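Hi everyone, thanks for coming. Let me put today's structure on the screen, and then we can walk through it together.

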Amino acid sequence: FVMENVPQLLNSFEHGEIMGTAEALGFKCWSEVLSAADYGVPQTRRRAFIVGCRFFDPSQVFPPRRSLYDPRKGGAQTSFLQNDGNGYLPSAAKWRTVRDAIADLPRPRGKEIRNEPSPLDLHFGRSPTPKSIARYRAIPEEGMNRFDLQKCAPDLTPDCWIRKKSGGTDLFGRLWWDRPAFTIRTEFFKPEKGRYLHPKQHRPITHREAARLQSFPDEFVFTGSKIEIARQIGNAVPPGLAARVADVVFMLLTMNRR
């Protein structure tokens, strides 16, 4: 079995209950927090996984060796041990970035799902108020956030942000071109919810940009309204990360055939 949840699960009482119950049922278990960026996703989303197997010790194949590395920390440390959770594949490359994922897209058009082939079908904008646009323009540099807005344009800063001196450093944040995105959640189209402003354009990211930052291929078909599609994008385990966990499950299943 495979379970996925927030990273905080692994330090919780519930984690102990899950592991104890599974082991009482005959499962050998292993748990780990994985960063999506280490597995080809242009996003530093971190998720907890628990893998259990009755006929083979999952710690021998999980976590999967990382295929990409953070260039700010130097080169990748290649490991040839399958169960070395700190190791990388010999072909490990640098993390994928926001630029890698979305730089080829044109400026978005319209405010609704477009009757055009992918990727342009989900590459639409919003209808921000003049005040919102003024706020976007007040923090034009990559990496800026609500604290920079307060410094640059206190008259445009909501009173609740002025009163709150700590926390929420990514609110109203502008993405960096040459870093992975931060966690893409279900309301990525609202910059007041996180670091969702385009690196250069004065707007939040589009549905297509969010899907790409989650590593969804352009040919993946989403259905429903704009809000429903946003939930599908933000709630998903990034496919690039899910695929590497699926590789582990496949290896475990093959162990049962030996």
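I'll start with the sheet, move on to the cores and aromatic rings, and finish with one histidine.

A quick word on the model: it is predicted, so local features need pLDDT of at least 70 and side-chain atom pairs count only at pLDDT 80 or more, while totals for chains, interfaces and linings use all residues. Residues are numbered from 1 along each chain as its sequence is written, and side-chain values use heavy atoms, with hydrogens and water left out.

So, the sheet. Here we have an open sheet of 3 strands in the order β1-β3-β2, with antiparallel pairing. Strands are DSSP E runs of at least two residues, helices are H or I runs of at least four, and both are numbered from the N terminus. Two strands pair if DSSP finds at least two bridges between them. β1 (2–5) and β2 (28–35) are at the edges with a single partner strand each, so one side of each has no neighbour in the sheet. Between β2 and β3 (residues 46–53) there are 8 bridges, and S35 sits opposite R46 in β3.

Now look at helix α1 (residues 13–24), which lies across β1, β2 and β3 and runs at about 145° to β2. Helix α8 (residues 239–255) also packs on the sheet, touching β1, β2 and β3, and its direction makes about 10° with that of β3. For these angles, axes are lines fitted to C-alpha atoms, for helices over the stretch in contact, and angles run from 0 to 180 degrees between N-to-C directions.

Next, the cores. A nonpolar core is a set of buried Ala, Val, Leu, Ile, Met, Phe, Trp, Tyr and Cys residues joined through side-chain atoms within 4.5 Å. Buried means under 20% relative accessible area, exposed over 50%, and partly exposed in between, using a 1.4 Å probe and protein chains only. The largest core has 23 residues, and F188 is among those with the most contacts inside it.

Rings of Phe, Tyr and Trp (its six-membered ring) pair if their centres lie within 6.5 Å; planes under 30 degrees apart are stacked, over 60 edge-to-face, and the rest tilted. The whole structure holds 9 aromatic pairs. W176 and F182 make a tilted one, 6.0 Å centre to centre with 35° between the planes.

Finally, is H123 buried or exposed? H123 is buried, at 0% relative accessible area.

Methods. Contact means heavy atoms within 4.5 Å.
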